[in-house]
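Here is a short report on salt bridges and a pocket. Look over the sequence and structure first.

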Amino acid sequence: RTGDVLEPENCVMGIGSGGNYALASARALLDGPLDAEAIVRRSLDIAADICVFTNRNVTVETLKGA
């Protein structure tokens, strides 16, 4: 709640304890056939395999573009 503004690099970003693992996974999956939600879910699943502080309780919110 510090008012920081985060800007994604290369269209993806990761935050939190497993954020770097999820970010790496998402970058690897960007060129594949998965849609954005599938990339998020798979990336977080990979992060949960690596980081003991990341769990599999995920809520994905989708924003509709203009």
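## Salt bridges

A salt bridge is a side-chain nitrogen of Lys or Arg within 4 Å of a carboxyl oxygen of Asp or Glu. This is a predicted model: local features need pLDDT of at least 70, side-chain atom pairs count only at pLDDT 80 or more, and totals for chains, interfaces and linings use all residues. Residues are numbered from 1 along each chain as its sequence is written, and side-chain values use heavy atoms, without hydrogens and water.

The whole structure holds five salt bridges. Asp 49 pairs with Arg 56, with the closest N and O atoms 2.2 Å apart. Arg 42 pairs with Asp 45 at 3.3 Å. These four residues, Arg 42, Asp 45, Asp 49 and Arg 56, are linked in a network of salt bridges. Glu 37 bridges to Arg 41, at 3.0 Å between the closest N and O atoms. Both Glu 37 and Arg 41 sit in helix α2, four residues apart, about one turn of the helix.

## Exposure

Asp 49 is exposed, at 55% relative accessible area (exposed is over 50%, buried under 20%, partly exposed in between; 1.4 Å probe, protein chains only). Arg 56 is partly exposed, at 47%. Arg 42 is partly exposed at 38%, and Asp 45 is partly exposed at 28%.

## Largest pocket

The largest pocket is lined by 28 residues; Met 13, Gly 14, Ala 36, Val 40 and Leu 44 lie nearest its centre. A pocket is an open set of points on a 1 Å grid over the protein atoms alone, where a 1.4 Å probe fits, with protein on both sides within 12 Å along at least five of seven lines; lining residues have an atom within 4 Å of a point.

Key. Helices (H or I, at least four residues) and strands (E, at least two) are DSSP runs, numbered from the N terminus.
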